[in-house]
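Hi,

Here is the model I promised to pass on.

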Amino acid sequence: MENSFTAVYEKLDDWYIGYVQELPGANVQERTLAEARESLREAIELILISNRELAEQ
């Protein structure tokens, strides 16, 4: 099963802020856009794993 999410990136001063509209808690702050994209992918993965584990309990 493949999931699709909407990632939003904003540049604030020297930082890139990224978050996913459909997944509360999935947000990052990095110095470059590439770092923000990678960090957000990791955050999404960790949140989905955590949510699955909680649902199984």
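This is a predicted model: local features need pLDDT of at least 70, side-chain atom pairs count only at pLDDT 80 or more; totals for chains, interfaces and linings use all residues.

Start with Val28: beyond its neighbours within four places in sequence, Val28 is in contact (heavy atoms within 4.5 Å) with Tyr16, Ile17, Gly18, Ala36, Ser39, Leu40 and Ala43. Residues are numbered from 1 along each chain as its sequence is written, and side-chain values use heavy atoms, with hydrogens and water left out.

Val28 also belongs to the largest nonpolar core, which has ten residues: Val20, Leu23, Ala26, Val28, Ala36, Leu40, Ala43, Ile44, Ile47 and Leu48. Helix 1 gives the most to this core, with six residues. By nonpolar core I mean a set of buried Ala, Val, Leu, Ile, Met, Phe, Trp, Tyr and Cys residues joined through side-chain atoms within 4.5 Å. Buried is under 20% relative accessible area, exposed is over 50%, and partly exposed lies in between (1.4 Å probe, protein chains only).

One of the Val28 partners, Ser39, sits in helix 1 (residues 33–56). Ser39 has a relative accessible area of 17%, so it counts as buried. Leaving out residues up to four places away in sequence, Ser39 touches Val28 and Glu30. With Glu30 there is a side-chain polar contact of 2.7 Å; such a contact is a pair of N or O atoms within 3.5 Å, where within protein one must be able to donate a hydrogen and the other to accept it, and residues adjacent in sequence count only if both atoms are side-chain atoms.

Now the strands. Strand 1 (residues 7–12) pairs antiparallel with strand 2 (residues 15–20) through six bridges; pairing takes at least two bridges found by DSSP. The two strands form a hairpin with two residues between them, and Asp13 in the turn has a positive phi of about 55°. Leu12 faces Trp15 of strand 2 across the pair.

As for the whole protein, there are one helix and three strands, in the order β-β-β-α from the N terminus. Both kinds of element are DSSP runs numbered from the N terminus: helices are H or I with at least four residues, strands E with at least two. The C-alpha trace spans about 40 × 15 × 15 Å along its principal axes, and 25% of the 57 residues count as buried.

Cheers
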